[in-house]
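I opened this entry to keep a record of what I looked up.

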Amino acid sequence: MDLNALLAAPIVLPSIPKVIALLLSELDGEPPDLKNITQLISTDPALTTRVLQTANTPAFLLVGKVHSASEALALLDLAHIREMAAEAASTASLRGIPGVNLPQFWAYSLNVAKLARSLARVTRQNQGAAFTCGLIHAIGELVMHAGMPQAMAEIDKELGPLDLKRARAELYAFGYNYAHVGGAYARQWRFPQPMVDALEHQYAPFSNNVYEPLAGVIHLAAWRARAREAQLNDRALAVTFPGEVGEVLDLDIDMVLQQDPFDWSAGS
């Protein structure tokens, strides 16, 4: 399937059932706790993309200016959130993605988001945008698995969805990878241009005359989280560290590892 056909196919991104249940409960509170609502949405890639997509529409006169769930919720009323949560709950039976361990994917995505935010702080980038991009950076993987499960299953036989070499394998097989898919969706959803560039170029930041520091941040955060999934030892970490990306951002491997999110609490 070519990229345009994939993007045109109707695909429902899955939400985390526990988050949906807690969100619906919070929305029924008297009054609802906006801080808790924001924190819940900020742990769910699908809900985060939905609220940013809505907030970046012309209806709010802020097209391409909303970077995070907290910024989006400052614009949206609770009726919007209730509608999104109810829709997510009603389609729960449709939420499986062939070939993807969703609990693992969700936990991995949140780790990338936390690490990206931490690296953004060190490099003086927009931390809210970094967290959002980290959280949703791999939604293209879900779209590709849902849209062409048989073709993706062939790659899965050799490399899992979170393998360090996954993006390269997809690019070789299809001429695009999950980063291109995520970037294309972000463009359709009118996300801020730096976020579009970061998602689209995360696989190869600073190549082809591209210079979007946020892409480098996401690249390093994803490397660390995928290395953790692969349980790489110190030598393998050193060998696989994308030093050329770190050099541009003035980050060495020790600085990246110091931001390790895996002992952090589950909250965002």
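My notes follow, by topic.

**Ground rules.** I am working from a predicted model, where local features need pLDDT of at least 70, side-chain atom pairs count only at pLDDT 80 or more, and totals for chains, interfaces and linings use all residues. Residues are numbered from 1 along each chain as its sequence is written, and side-chain values use heavy atoms, with hydrogens and water left out.

**Core.** I looked up the largest nonpolar core and found 82 residues in it. Such a core is a set of buried Ala, Val, Leu, Ile, Met, Phe, Trp, Tyr and Cys residues joined through side-chain atoms within 4.5 Å. For burial I used relative accessible area: buried is under 20%, exposed is over 50%, and partly exposed is in between (1.4 Å probe, protein chains only). Leu 23, Ile 41, Val 51 and Ile 81 have the most contacts inside the core. Its largest share, eleven residues, comes from helix α7 (residues 102–123). Helices here are DSSP runs (H or I, at least four residues), numbered from the N terminus.

I then listed the contacts (heavy atoms within 4.5 Å) of Ile 41. Leaving aside neighbours within four places in sequence, Ile 41 touches Leu 23, Leu 47, Thr 48, Val 51, Ala 69, Leu 73 and Ile 81.

**Rings.** I counted rings of Phe, Tyr and Trp (its six-membered ring) as paired if their centres lie within 6.5 Å; planes under 30 degrees apart are stacked, over 60 edge-to-face, and the rest tilted. The count is five aromatic pairs. For Phe 174 and Tyr 176 the centres are 6.0 Å apart and the planes at 35°, so I logged this pair as tilted. Phe 174 is partly exposed at 23%, while Tyr 176 is buried at 4%. Elsewhere in my list, ring pairs link Tyr 185, Trp 189 and Phe 191 into a cluster.

**Salt bridges.** My criterion was a side-chain nitrogen of Lys or Arg within 4 Å of a carboxyl oxygen of Asp or Glu. The whole structure has six salt bridges. One of them joins Arg 50 to Glu 87, with the closest N and O atoms 2.9 Å apart. Arg 50 is in helix α4 (residues 45–55) and Glu 87 in helix α6 (residues 78–90), so this bridge ties together parts 37 residues apart in sequence. Both ends are partly exposed: Arg 50 at 27% and Glu 87 at 38%.

Which residues does Arg 166 bridge to? I found Glu 141 at 3.5 Å, N to O, and Asp 156 at 2.6 Å. Arg 166 lies in helix α11 (residues 166–174) and Asp 156 in helix α10 (residues 149–156), ten residues apart. Arg 166 is buried, at 0%; Asp 156 is partly exposed, at 21%. Bridges with shared partners join Glu 141, Asp 156, Arg 166 and Glu 170 into one network.

**Helix α11.** Which residues of α11 are buried? I noted Arg 166, Ala 167, Ala 169 and Glu 170. The face turned away from the buried side carries the exposed residues Arg 168 and Tyr 172. Elements covering the buried residues include α9, α10, α12 (178–188) and α14 (213–229). Just after α11, Gly 175 has a positive phi of about 85°.

How values were computed: Helices (H or I, at least four residues) and strands (E, at least two) are DSSP runs, numbered from the N terminus.
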